[in-house]
Every structure is written in structure tokens, then in C-alpha cells.
Amino acid sequence: MAISDLLSVADVILDVSAGNKRSLLEVLSDEAASRLGRSSQEILEALRDREQIGSTALGRGVALPHAELSGTHPPIVLFTRLQRPIEFDARDDEPVDLVFLVLWPAGGGKGILPTISEICRALREPQSLRRLRLAETPEEVVELVRQLTVPGPDVAREET
């Protein structure tokens, strides 16, 4: 499933205020819980467990927290832009201000990996990051993501 199929205007949250990684994960868990009808604590624990394996900061100010959740639910992608960058344990030591959250059903096959790969490919270019940082509305973010994401072979194969 392509990222452009998962990200809607309602999934874009601009100018979030979070003082640190922990508070950001709490905000994201609350948002995801309201969409999935699940406990925010369950989602937060899944995200924290994943972060203990290693930071999901990609570098250049971008983080991609993700987790698989038990049960059947639709995959969810949220995009958050922070008011001020925060420390996120990135390898390049750059603080994070752009965040894509990906939650996937645990039995959902390999869907999470192609989605994460697609996001990473879209964010390789510094110009793409600049455009996301300058976007003024959720509609503009969704349009940028659609322009930036071209499904790779893994995504195309899964859809057929």
C-alpha cells in the first residue's frame, strides 16, 4: 500500500509543541489511539519498545517512529511537524522536527517495510525536507508527499 493512499489531510499535524522525544511519542500515541479506537498506552508502549531497539531518527531532522500492533486494524500514517526541533538520539546528532509515524497490524504481511522504505526514499533529497518544513497547510503537505512518493518495486508487487 502506497504512502499516498495512507496519508490524508486529517493525518497531518502541523506546529506540534513537544519538549522532548517522550512527550512527542505521547502526543503521537494519543492521536493514533483516537483514530484506531485503541489504548494510547498500548501504542506508546509499542513505540517505546521499538525505540529501545534503536532510535528511529533518520537524520537531517527526520524521525520515523513505527511499530506493529496486534489485532486487525487499518495501517495508519501520521505526519507531524514540530514547532521547535527536539533531541531524538539521531546518529547525526541533529534534532528532529519532521516526524512520520507508521503503525501496522502485526499480521499485515510485509506492508510496513515497503511503506517505511517509500518514506525514506521520498525524504532523501534536502529540497524535499525544505518543502515539508515550509508547507503552510495540511493540504500542501499531502500534495508534497504525493509528489515525492513513487512506489518502489516492493510496494507495486504487494498491490498486485
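Reader: What makes L44 and R48 contacts of E26?
Author: Contact means heavy atoms within 4.5 Å. Leaving aside neighbours within four places in sequence, E26 meets that test with L44 and R48. E26 sits in helix α2. Helices here are DSSP runs of H or I with at least four residues, strands are E runs of at least two, and numbering starts from the N terminus. The C-alpha atoms of E26 and I43 are separated by 8.9 Å, at 17 residues apart along the chain.

Reader: What are the ground rules for these values?
Author: This is a predicted model, so local features need pLDDT of at least 70 and side-chain atom pairs count only at pLDDT 80 or more, while totals for chains, interfaces and linings use all residues. Residues are numbered from 1 along each chain as its sequence is written, and side-chain values use heavy atoms, with hydrogens and water left out.

Reader: Why is E26 called partly exposed?
Author: Buried means under 20% relative accessible area, exposed means over 50%, and partly exposed is in between (1.4 Å probe, protein chains only). E26 has 29%, so E26 is partly exposed.

Reader: Is D11 buried or exposed, and how do you know?
Author: Its relative accessible area is 10%, therefore D11 is buried. D11 is in the loop between α1 (3–6) and β1. Beyond residues up to four places away in sequence, D11 touches L6, R35, V77, L78 and F79.

Reader: How do you know which class H73 belongs to?
Author: H73 has 10% relative accessibility, so H73 counts as buried. H73 lies in the loop between β4 and β5. Leaving aside neighbours within four places in sequence, H73 is in contact with L36, R38, L103, W104 and P105.

Reader: What makes a set of residues the largest nonpolar core?
Author: A nonpolar core is a set of buried Ala, Val, Leu, Ile, Met, Phe, Trp, Tyr and Cys residues joined through side-chain atoms within 4.5 Å. The largest one has 27 residues. L24, A32, I43, L47, F88, L101 and L103 have the most contacts inside it. At least two residues each come from β1 (12–16), α2 (21–36), α3 (40–53), β4 (66–69), β5 (76–86) and β6 (96–105). Helix α2 gives the most, with six residues. A second, separate core of 24 residues includes L98, L132, V141 and L144.

Reader: Why is α5 called roughly antiparallel to α6?
Author: Axes are lines fitted to C-alpha atoms, for helices over the stretch in contact, and angles run from 0 to 180 degrees between N-to-C directions. Under 35 degrees is roughly parallel, over 145 roughly antiparallel, 65 to 115 roughly perpendicular, and the rest oblique. The axes of α5 (residues 126–134) and α6 (residues 138–148) come within 9 Å and cross at roughly 165°. That makes α5 roughly antiparallel to α6.

Reader: Which residues make the contact of α5 with α6?
Author: From α5 come S128, R131 and L132, and from α6 come V141, L144, V145, Q147 and L148.

Reader: What makes D15 and D89 stand out in phi?
Author: Most residues other than glycine have a negative phi. D15 has a positive phi of about 60° although it is not a glycine. D89 also has a positive phi of about 60°, and is not a glycine. D15 is in strand β1. D89 lies in the loop between β5 and β6.

Reader: Why are D15 and D89 called partly exposed?
Author: D15 has 41% relative accessibility, so D15 counts as partly exposed. D89 has 49%, so D89 is partly exposed.
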